[in-house]
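User: I'm new to this one and would like a walk through it. Could you take my questions as they come?
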Amino acid sequence: MAKIVGTSRVLAKLKMVSRQTDLEVRSAIQRNTDQILAEATKNVPIDTGDLQRSGTKDTTNPFIGKVAFGGQLAPYAPYVEFGTGEGFFTDPSFVQYASQFQKGPGRNMKPQPYLIPAFILYKKIFLRDMRKIAKNISK
């Protein structure tokens, strides 16, 4: 039976690359989640300040970053983001979700988007980060 020389070295290198990639991806998710929260918080329209204070992030799963506004402190958050009538928020990626907050004729709160624009901005940056990580793997 033939023996392949150097396989343990190759396997060790693969494990190292895997660990490094894991760390880089986790770091990118954490960084982009922080940036989305900061950007959205900066852009929240302020009346009482409750909506701005309601912003939270969750990165308990290191491969998923979540940013949210609202909750008990500001349950009206999606109505501010998407509006309720004419001038309704119409970003094509979010129309189906946003439509549940449109209340029909006579309800005319204009959208004041703060979270979706931050998400769109940092989504591009996140994807660039992921491409850079993928490129580094292939070296």
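User: How do the residues of the lining of the largest pocket divide into nonpolar, polar and charged?
Analyst: Bearing in mind that this is a predicted model, the lining of the largest pocket divides into 18 nonpolar residues, three polar ones and three charged ones.

User: And what volume does the largest pocket have?
Analyst: Its volume is about 520 Å³, and of the 24 residues that line it, the closest to its centre are Ile36, Gly65, Val67, Leu115 and Phe119.

User: Which element gives the largest share of that lining?
Analyst: The largest share, six residues, comes from α5, while α1 (7-43), β2 (66-68) and α3 (77-82) are also among the elements that each supply at least two residues.

User: OK, α5 then. How many residues has it, and how far does it reach?
Analyst: Helix α5 covers residues 115-137, which is 23 residues, and it reaches 32 Å from its first C-alpha to its last, close to the 33 Å expected at 1.5 Å a residue.

User: Which residues of α5 are buried?
Analyst: They are Leu115, Ile116, Ala118, Tyr122, Asp129 and Ile133.

User: Switching topic: which residues have the most contacts inside the largest nonpolar core?
Analyst: That core has 14 residues, and those with the most contacts inside it are Ile36, Ala40, Leu51, Val67, Phe69, Tyr114 and Leu115; α1, α3 and α5 each supply at least two residues of this core. Apart from it lies another core, of five residues, including Phe82, Ala98, Phe101 and Ile116.

User: What does Val67 touch?
Analyst: Leaving aside residues up to four places away in sequence, Val67 touches Thr33, Ile36, Leu37, Thr56, Lys57 and Leu115.

Definitions and conventions: Residues numbered from 1 in each chain as written. Predicted model: local features only at pLDDT ≥ 70, side-chain atom pairs only at ≥ 80, totals over all residues. Heavy atoms only, no water. Helix = DSSP H or I, 4+ residues; strand = E, 2+ residues; numbered from the N terminus. Expected span 1.5 Å × (residues − 1). Buried < 20%, exposed > 50% of the residue type's maximum accessible area, 1.4 Å probe, protein only. 1 Å grid on protein atoms, 1.4 Å probe; cavity = no way out; pocket = protein on both sides within 12 Å on 5 of 7 lines; lining within 4 Å. Points joined across faces, edges and corners; volume = space filled by probe spheres on them. Nonpolar A, V, L, I, M, F, W, Y, C, P; charged D, E, K, R; others polar. Core = buried A, V, L, I, M, F, W, Y, C linked by side-chain atoms within 4.5 Å. Contact = heavy atoms within 4.5 Å.
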